[in-house]
Amino acid sequence: MSDARNPEFTPEQLAEVRRLQGLYPDRRGALLPVLHLAQDTFGYISLEIEEYVAGLFELYPAHVHEVVTFYTLFFQRPVGRHLLSVCHNLSCALRGAEDVLAYLQERLGIEAGETTPDGRVTLLRVECLCACEIAPMIQVDDEYVGPVTRETVDTVLGRLT
């Protein structure tokens with residue numbers, strides 16, 4: 001069975017890797033989308049996945065590791081089914097981001113950077129999400145929500161399964 005410790009793409013996924021590599025003059029240009037595919041498939045990017053992906057590109061694993069550790073959108077350990085990202089940059093901070101984060105931590109029983117014991121939610125404190133007009137704001141999986149209040153937090157958490 002393929003997992004984050006024994007990674008292997010399906011034949012369809014390998015065809016997608018080859019298609020993506022063919023889109024660029026230098027096939028390394030497809031590294032980010034292939035890492036996204038790996039994370040979507042396995043849930044996070046383990047060292048074993050880095051090595052597997054490196055092999056698909058004929059790269060050293062250290063090169064892939066540098067990319068994974070540079071971008072905050074790649075996770076090196078398992079995360080919850082839902083990601084809640086609280087922006088704490090200037091606009092959000094001035095409009096109450098710390099209060100939003102504190103309330104989320106209280107409601108979820110975890111600190112920023114942790115995952116609930118049931119694996120449902122990972123809470124992150126992140127840099128600017130470029131939505132200052134709705135500050136303070138959070139990103140819930142792929143959706144931007146704001147301006148956020150305690151009531152908004154309650155509604156968002158009630159929707160997560």
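The largest nonpolar core here holds 35 residues. By nonpolar core I mean a set of buried Ala, Val, Leu, Ile, Met, Phe, Trp, Tyr and Cys residues joined through side-chain atoms within 4.5 Å, where buried is under 20% relative accessible area with a 1.4 Å probe, protein chains only. Phe9, Leu31, Val34, Leu35, Val53, Phe57 and Val64 have the most contacts inside this core. At least two of its residues come from each of H1, H2 (31-42), H3 (47-57), H4 (61-70), S1 (82-87) and S2 (121-126); helices (H or I, at least four residues) and strands (E, at least two) are DSSP runs, numbered from the N terminus.

Another core, of 18 residues, lies apart from it, and includes Val100, Leu104, Leu123 and Val148. In soluble globular proteins, nonpolar side chains tend to be buried together.

This is a predicted model: local features need pLDDT of at least 70, side-chain atom pairs count only at pLDDT 80 or more, and totals for chains, interfaces and linings use all residues. Residues are numbered from 1 along each chain as its sequence is written, and side-chain values use heavy atoms, with hydrogens and water left out.

pLDDT is the predictor's confidence in each residue, from 0 to 100. The protein averages 95, and 99% of the residues score at least 70. Confidence is highest in helix H1 (residues 11-21), at a mean of 98, and lowest in helix H5 (residues 90-94), at 94.

What does Valine 64 touch, leaving out residues up to four places away in sequence? Its contacts (heavy atoms within 4.5 Å) are Leu31, Leu35, Glu50, Val53, Ala54 and Leu59.

Note on methods
Buried < 20%, exposed > 50% of the residue type's maximum accessible area, 1.4 Å probe, protein only.
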